[in-house]
Amino acid sequence: MFHLRTCAAKLRPLTASQTVKTFSQNRPAAARTFQQIRCYSAPVAAEPFLSGTSSNYVEEMYCAWLENPKSVHKSWDIFFRNTNAGAPPGTAYQSPLPLSRGSLAAVAHAQSLVEAQPNVDRLVEDHLAVQSLIRAYQIRGHHVAQLDPLGVLDADLDSSVPADIISSTDKLGFYGLDESDLDKVFHLPTTTFIGGQESALPLREIIRRLEMAYCQHIGVEFMFINDLEQCQWIRQKFETPGIMQFTNEEKRTLLARLVRSTRFEEFLQRKWSSEKRFGLEGCEVLIPALKTIIDKSSENGVDYVIMGMPHRGRLNVLANVIRKELEQIFCQFDSKLEACPTHPAWAQAAPGAHRVCA
């Protein structure tokens, strides 16, 4: 509406004071007459009702339309809608169609477009609400992830889940949605991969896939990263349907590596409980994770890996990732221990040394 008011202001006639100041030197006082000075441009000329004398009337009609669009004529309603939509001068006004048989269909079509405007606005609002819902899961989904298998945190009555996280359909009202929208199909934004090969999903399925990606036993906190490419990579790795599914052979391999890591820590704890060994208790999954990273890197052409790590878990990594001989690791706990006869260093062992075999 800004350009409408600007055009009307330009077309408004000069005031008496401005006219006197401009023409008093060259014209006698008795011949003073004031005429409208109009400077129509080509677009504005297509809307002849936009003149200086009608600016006040147009502004009153616009104020009335803002309060109630039905209080003005349908032609004004269409004009103001097009103006607010950004239509340039000369294209916002649509002249009424002649009342003939051929124009009845066009009139009905225009009427349906005007009546469908609220539905379009509602559809846009619903899609924006779904996008906000998806972003809420990505930002704060780790707060409701199932990271407490023992249920210790359930005893804390003061703990609360953030209000903008949707963990059930009862909280859809936070985003202006309700249960009637669960079966509606919404287009997915480009910032999510939960659709896979599909570009649109029902809201019920969107919520289910988001909960599977962010509210299970892995908490993903990554939206603080400023690099869009890195965020998209993480989204793809966690949101793509079926990406967390493993074959039976892969499951057996992961289980074997996890058991080997756990049993190694149990053996050291039982044999040398008083020794400082920087155990890996509670983080044994590091071993299958490192092994998987190395395997995938080798498949992609990596020739060698250089590792650096703190003390915690170094013995387990040496034994189960780098595959250092267990005899050499155990002998470091006691100077009296030597490797078994199969080890090359046994031939040079001192007489009476204790033997250790893995």
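Is Cys 283 buried, partly exposed or exposed, and what is its relative accessible area? Cys 283 is partly exposed, at a relative accessible area of 31%; this class lies between buried, under 20%, and exposed, over 50% (1.4 Å probe, protein chains only). Cys 63 is also partly exposed, at 37%. The structure holds 0 disulfides, a disulfide being a pair of cysteine sulfur atoms within 2.5 Å.

The model is predicted: local features need pLDDT of at least 70, side-chain atom pairs count only at pLDDT 80 or more, and totals for chains, interfaces and linings use all residues. Residues are numbered from 1 along each chain as its sequence is written, and side-chain values use heavy atoms, without hydrogens and water.

Helix 4 (residues 55–67) packs against helix 5 (residues 74–84) at about 85 degrees, with the axes 11 Å apart. Axes are lines fitted to C-alpha atoms over the stretch in contact, and angles run from 0 to 180 degrees between N-to-C directions. The two helices are therefore roughly perpendicular, a label for angles of 65 to 115 degrees. Helix 4 contributes Tyr 57, Val 58, Met 61, Tyr 62 and Trp 65 to the contact (heavy atoms within 4.5 Å). Helix 5 contributes Trp 76, Asp 77, Phe 80, Arg 81 and Asn 84.

Glu 265 sits in helix 9 (residues 248–271); helices are DSSP runs (H or I) of at least four residues, numbered from the N terminus. Glu 265 is buried, at a relative accessible area of 3%. A polar atom of the Glu 265 side chain lies 3.3 Å from the backbone nitrogen of Leu 280.

Methods
Polar contact = N/O pair within 3.5 Å; in protein donor to acceptor, adjacent residues only side chain to side chain. Parallel < 35°, antiparallel > 145°, perpendicular 65-115°, else oblique.
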